[in-house]
Amino acid sequence: QNDSNKKDDELKVVATIFPEYDWVMEILGDKAYDAEVTMLLDNGVDLHSYQPTADDIIKVSDCDLFIYVGGESDGWVDDALKNATNKDMKVIDLLEVLGDSVKAEEVVEGMQEEEHEHGEEHDHEEEVEYDEHVWLSLRNAKILCEAISSALQQIDPVNKDEYAVNCSAYIEKLSELDVKYQKAVDKAPLRTVLFGDRFPFRYLVDDYGLDYFAAFVGCSAESEASFETISFLAKK
């Protein structure tokens, strides 16, 4: 029993990126003061090129709840979890939670395609690369917060009611924001987004029925737009 009390006092949560961290803090509410919540990616670090340090791996290995996006950018996670010392750890993979509603990246008109020197087999895999920016949809955020709340309630049942209440309150805020977004779209004379970079808003534009043009797909390795791409976007 002493061990479980100690565990309650030191709830350890590790999140890879800020949105996950922020959701955890909202759901923990006042209980965040009794928990150790870690965000692995520092400000300005790109999800697509992050590599964990030895210290990061240690933090992951003994936490109670580990949250990551999933997909190609988080390829390092499997190895990290093999070294887990906490066998009761709960793990949330955002793409896995969303299941069939995860979208494959798409190349729209005018968008610069990836330049690859690989064989056909690898190119075939590229066709079904999933868009990892799932947190940029308020509707996804609600589903993901429910999953985080459920995991926290199982890990720390003593405070489960508080987590449930905090989660409901936060989801209500997300719903209000969703309504505001929808109203803004409904009033808009144009329903097209033009984005001169890697396009992370696929989930958001689909939520509200918007069209878009962009320089690159969301998880593109390219960052220098060709003259053709710039010219196409400029004409739009």
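This is a predicted model: local features need pLDDT of at least 70, side-chain atom pairs count only at pLDDT 80 or more; totals for chains, interfaces and linings use all residues.
Colleague: Let's start with Leu-152. Is it buried or exposed?

Modeller: Leu-152 sits in helix α7, which covers residues 138-155. Anything under 20% relative accessible area counts as buried. Leu-152 comes out at 0%, so the label is buried.

Colleague: Now the aromatics. How many aromatic pairs are there, and what is the geometry of Tyr-50 with Trp-76?

Modeller: The count comes to 10 aromatic pairs. For Tyr-50 and Trp-76, the ring centres are 5.5 Å apart and the planes make an angle of 70°. Angles over 60 degrees count as edge-to-face, so this pair is edge-to-face.

Colleague: And which parts does that Tyr-50 and Trp-76 pair tie together?

Modeller: The two residues are 26 apart in sequence, so the pair ties together separate parts. Tyr-50 is in the loop between β2 (35-39) and α3 (54-61), and Trp-76 is in the loop between β3 (65-68) and α4 (77-82).

Colleague: Why do Tyr-50 and Trp-76 count as buried?

Modeller: The cut-off for buried is under 20% relative accessible area. Tyr-50 has 7% relative accessibility, so it counts as buried. Trp-76 passes too, because its value is 8%.

Colleague: What about Phe-66 and Trp-76, what is the geometry there?

Modeller: Their ring centres lie 6.2 Å apart, with 65° between the planes, and the pair is edge-to-face. Phe-66 is in strand β3 and Trp-76 in the loop between β3 and α4, so this pair links parts 10 residues apart. Both Phe-66 and Trp-76 are buried. As for the geometry, then: edge-to-face.

Colleague: Last one: Gln-112. Which side chain does the Gln-112 side chain make a polar contact with?

Modeller: Gln-112 lies in the loop between α5 (94-98) and α6 (120-127), and at 10% relative accessibility it counts as buried. Its side chain reaches the backbone nitrogen of Ser-226 at 2.6 Å. The side-chain partner, at 2.9 Å, is Thr-229.

How values were computed. Residues are numbered from 1 along each chain as its sequence is written. Side-chain values use heavy atoms; hydrogens and water are left out. Helices (H or I, at least four residues) and strands (E, at least two) are DSSP runs, numbered from the N terminus. Buried means under 20% relative accessible area, exposed over 50%, partly exposed in between (1.4 Å probe, protein chains only). Rings of Phe, Tyr and Trp (its six-membered ring) pair if their centres lie within 6.5 Å; planes under 30 degrees apart count as stacked, over 60 as edge-to-face and the rest as tilted. A polar contact is a pair of N or O atoms within 3.5 Å; within protein, one must be able to donate a hydrogen and the other to accept it, and residues adjacent in sequence count only if both atoms are side-chain atoms.
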